[in-house]
Amino acid sequence: MISQGRPDRSGERPHNNLLRRLSDSDFALIAPHLSHDESTSDDLLYDPGDDVDVVHFPCGASLASYLVSNEDGRDVETILVGREGAVGGIVSLGYLPAYTRITVKFGGPFSRLPIAKLDQAKSASASMRNVFARYADCLLAQMFQSTACNAIHSIEQRTAKWIISAMERTDGSNIVPLTHEQLSTLLGVGRSYASRVIQTFKAEGLVETRRGAIVVRDPDGLRLRACQCNESVKNHFEEVLRGVYPSETVP
Ligand SMILES: [Zn+2]
């Protein structure tokens, strides 16, 4: 069972690996200002142009996603952010307008911090600045990889990659609460195309589908169908922020 975002009575930190990576003294700088609650799937965190005033830390199996709106009205997903990171004002200092739409992909616990409090803590602590600068570097690596992935990898490879990437943030049950609609947004293709890819994976015994979810039956087989983009990003996280990228099983 995945622990909730709310710290328990023993003072355990929220189940967000970035918050857990902070030293005790750095965490103490922001702890009084953190709030903890739940978001549900498709909750809107930021629209383009919104003032970014709160940092959202996904906890447990929660996932947020950055979407870019296109001139034909379609939103295309760029990257997913789970408990390895945070969304909203991570790179910038101070209030700036959001460029992308940020929504909740998988609902669950979130910790939230006013950005002014994070900036104060960064000003007060070089080690705090260091952790967030390293995270910004990892986020940039995810963006670079996503750009390359969209340009050169097949729809099948990308579908397998997204399912594995989402599965790594679940509690190891292999049930990924991803609908065909959500998958088509992740891929930037029509829903019927996304459904065809899933039918192929089903026929190969890699996945099954349930209402509103994909059940991974053969994780190793699915990994063989995926491009290596996830692995590249994970390796960079391991170099830069060891232990922060989620493993499949929740500790
Ligand atoms: Zn790829």
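Guide: A residue is called buried when its relative accessible area is under 20%, exposed when that area is over 50%, and partly exposed in between. The model before you is predicted.

Visitor: Why is Cys-149 called buried?

Guide: The relative accessible area of Cys-149 is 0%. Buried requires a value under 20%, so Cys-149 is buried.

Visitor: What makes His-153 partly exposed?

Guide: His-153 has a relative accessible area of 22%.

Visitor: Which atoms coordinate the zinc ion?

Guide: The zinc ion is held by SG of Cys-149, ND1 of His-153, SG of Cys-227 and SG of Cys-229, at 2.2 to 2.3 Å. Along the chain, these donors follow the spacing C-x3-H-x73-C-x1-C.

Visitor: How do you know that the arrangement around the zinc ion is tetrahedral?

Guide: Its 4 donor atoms subtend angles of 99 to 116 degrees. Four donors count as tetrahedral if all angles lie between 85 and 135 degrees, so the arrangement is tetrahedral. For comparison, the ideal angle for four tetrahedral donors is 109.5 degrees.

Visitor: Where is His-153 found, and which residues does it touch?

Guide: His-153 is in the loop between helix H4 (126-152) and H5. Leaving aside residues up to four places away in sequence, His-153 touches Ala-148, Arg-158, Cys-227 and Cys-229.

Visitor: Why is helix H5 called oblique to helix H6?

Guide: The axes of H5 (residues 155-167) and H6 (residues 180-187) come within 10 Å and cross at roughly 120 degrees. That angle makes H5 oblique to H6, because the roughly perpendicular range is 65 to 115 degrees and roughly antiparallel begins over 145. The crossing of H5 and H6 is right-handed. Ile-155, Arg-158, Thr-159 and Trp-162 of H5 meet Leu-183, Leu-186 and Leu-187 of H6.

Visitor: What makes H6 largely enclosed by the rest of the structure?

Guide: Of the 8 residues of H6, 6 are buried, so the helix is largely enclosed by the rest of the structure. The buried residues are His-180, Gln-182, Leu-183, Ser-184, Leu-186 and Leu-187. They pack against strand S5 (75-81), strand S6 (101-106), H5, H7, strand S9 (207-210) and strand S10 (213-216). Just after H6, Gly-188 takes a positive phi of about 70 degrees.

Visitor: How do you know whether H6 and H7 are roughly perpendicular or roughly parallel?

Guide: The axes of H6 and H7 are 8 Å apart, and the helices pack at an angle of about 105 degrees. The range for roughly perpendicular is 65 to 115 degrees, and H6 and H7 are therefore roughly perpendicular to each other. On the H6 side the contact is made by His-180, Glu-181, Leu-183, Ser-184 and Leu-187, and on the H7 side by Arg-191, Ala-194, Ser-195 and Ile-198.

Visitor: Is Val-197 buried or exposed, and how do you know?

Guide: The relative accessible area of Val-197 is 1%. The limit for buried is under 20%, so Val-197 is buried. Val-197 is found in helix H7 (residues 191-203). Not counting residues up to four places away in sequence, Val-197 touches Ile-155, Glu-156 and Thr-159. Val-197 and Ile-155 are 42 residues apart in sequence and 7.8 Å apart in space, C-alpha to C-alpha.

Visitor: Why is H3 called oblique to H4?

Guide: Helix H3 (residues 115-124) and H4 have axes that come within 5 Å and cross at roughly 120 degrees. That makes H3 oblique to H4. The meeting residues are Leu-118, Ala-121, Lys-122, Ser-123 and Ala-124 in H3 and Ala-126, Met-128, Arg-129 and Phe-132 in H4.

Visitor: What makes Asp-42 exposed?

Guide: The relative accessible area of Asp-42 is 57%. Exposed requires over 50%, so Asp-42 is exposed. Asp-42 lies in the loop between strand S1 (35-39) and S2. Asp-42 has a positive phi of about 75 degrees although it is not a glycine.

Visitor: Why does Val-52 count as buried?

Guide: Val-52 has 7% relative accessibility. Since buried means under 20%, Val-52 counts as buried. Val-52 lies in the loop between strand S2 (44-46) and strand S3 (54-58).

Definitions and conventions:
Residues are numbered from 1 along each chain as its sequence is written. This is a predicted model: local features need pLDDT of at least 70, side-chain atom pairs count only at pLDDT 80 or more; totals for chains, interfaces and linings use all residues. Side-chain values use heavy atoms; hydrogens and water are left out. Donors are N, O and S atoms within 2.8 Å of the metal (3.2 Å for Na, K and Ca); water is not among the atoms, so sites may look incomplete. Four donors count as tetrahedral if all angles lie between 85 and 135 degrees; four count as square planar and six as octahedral if opposite donors are over 155 degrees apart and all others between 65 and 115; anything else is irregular. Buried means under 20% relative accessible area, exposed over 50%, partly exposed in between (1.4 Å probe, protein chains only). Axes are lines fitted to C-alpha atoms, for helices over the stretch in contact, and angles run from 0 to 180 degrees between N-to-C directions. Helices (H or I, at least four residues) and strands (E, at least two) are DSSP runs, numbered from the N terminus. Angles under 35 degrees count as roughly parallel, over 145 as roughly antiparallel, 65 to 115 as roughly perpendicular and the rest as oblique. A crossing is left-handed if the near helix is turned anticlockwise from the far one by less than a right angle, and right-handed if clockwise. Contact means heavy atoms within 4.5 Å.
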